[in-house]
Amino acid sequence: MPHANNDGVSLYYESDGNGEAVLCCGDVGLGAWQWGWQHAALAGPYELIVADTRGCGRSDDPPADCTVETLADDAVAVLRDHGVRSAHVVGAGLGGMVALELARTTGRVQSLTLFGTALSGDSYDPEPMFAPPSDEAALRTSVESALSREFVDEQADAISQLVEWRAAEDADRESWERQAAALEPFAVEKPYEITEPTLVVHGGDDRLCPPARGRELAEELPNAELFGVEGAGHLVGVEASKVVNDRLRTFLESA
């Protein structure tokens, strides 16, 4: 089982498929389960690399509050350990901000796909998604906050599966807070400098990172396009996976 190392923090990751590399950067406190829907669509024609964010799953807990810069360094450590020079980077929420930081500060990004992401951390409130991994009822309530009301009403079995995965892989309160602290100081001051091809994917019913922030992101990045998914919540890649994955594959082929 591969582990990368960044300044003494062990980072578990997995890879699957062939072709150009696609690196997934996760949202605050969420385990690698969040990429299961994209895994099914991308692993094969692409080499999909999914790491457990520090504090989640099989990666070490962060020893102190981390920053977006620290998490970007973690991503570089994973790529380096796996022998990958550059990758298409897909990020969600906090992971989208990590992807932006990678594009801003390294030459390792071929393209960006950003789910439920904003140009600054103060535009995103992930707190409703937190629940102790040992509290099944709280996990259910919190995951519902990141999904559309229609999905919650119609997909009870899917939500039960999400709760099970969250209990096994999500961060505890201390690690969650350390990841969430990375949002506070983050802001892209010069978005025009990030010129990589970018697909901004945002749910029209995202109650954690307002859709207006996704529109702003797409407008401010010079080579970006917006793919809005009407009626979808913050976990747009989960509940609208079919249309999102179709658009993502088309984008990666063109990028």
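Reader: Why is Asp 7 called exposed rather than buried?

Author: The relative accessible area of Asp 7 is 77%. Buried means under 20% relative accessible area, exposed over 50%, and partly exposed in between, with a 1.4 Å probe and protein chains only. Asp 7 is therefore exposed. Please note that this is a predicted model, in which local features need pLDDT of at least 70, side-chain atom pairs count only at pLDDT 80 or more, and totals for chains, interfaces and linings use all residues. Residues are numbered from 1 along each chain as its sequence is written, and side-chain values use heavy atoms, with hydrogens and water left out.

Reader: What makes Ser 254 exposed or buried?

Author: Ser 254 has a relative accessible area of 61%, so the residue is exposed. Ser 254 is part of helix 10 (residues 241–254).

Reader: How do you know whether Leu 112 is buried or exposed?

Author: The relative accessibility of Leu 112 is 0%, and the residue therefore counts as buried. Leu 112 lies in strand 6 (residues 109–115). Leaving aside neighbours within four places in sequence, Leu 112 is in contact with several residues, among them Val 89, Leu 100, Ile 194 and Phe 251. Contact here means heavy atoms within 4.5 Å.

Reader: Why is Val 188 called buried, although its relative accessible area is 12%?

Author: Val 188 is buried because its value, 12%, falls in the range given for that term. Val 188 is found in the loop between helix 7 (173–180) and strand 7 (198–203). Beyond its neighbours within four places in sequence, Val 188 is in contact with Leu 100, Leu 119 and Ile 194. Val 188 and Leu 100 are 88 residues apart along the chain, and their C-alpha atoms are separated by 8.0 Å.

Reader: Which residues have the most contacts inside the largest nonpolar core?

Author: They are Leu 23, Leu 100, Leu 102, Leu 112 and Leu 235, in a core of 66 residues. Helix 2 (residues 68–82) supplies the largest share of this core, 8 residues. A second, separate core has 22 residues, including Val 22 and Leu 248. A nonpolar core is a set of buried Ala, Val, Leu, Ile, Met, Phe, Trp, Tyr and Cys residues joined through side-chain atoms within 4.5 Å. In soluble globular proteins, nonpolar side chains tend to be buried together.

Reader: How do you know that the radius of gyration agrees with that of a compact globule?

Author: The radius of gyration is taken over C-alpha atoms, and the globule rule is 2.2 Å times the number of residues to the power 0.38. With 255 residues, a compact globule would have a value near 18 Å; the protein has 16 Å, which agrees.

Reader: How many helices and strands does the protein have, and what share of its residues is buried?

Author: The protein has 10 helices and 8 strands. Of its 255 residues, 56% are buried.

Definitions and conventions: Helices (H or I, at least four residues) and strands (E, at least two) are DSSP runs, numbered from the N terminus.
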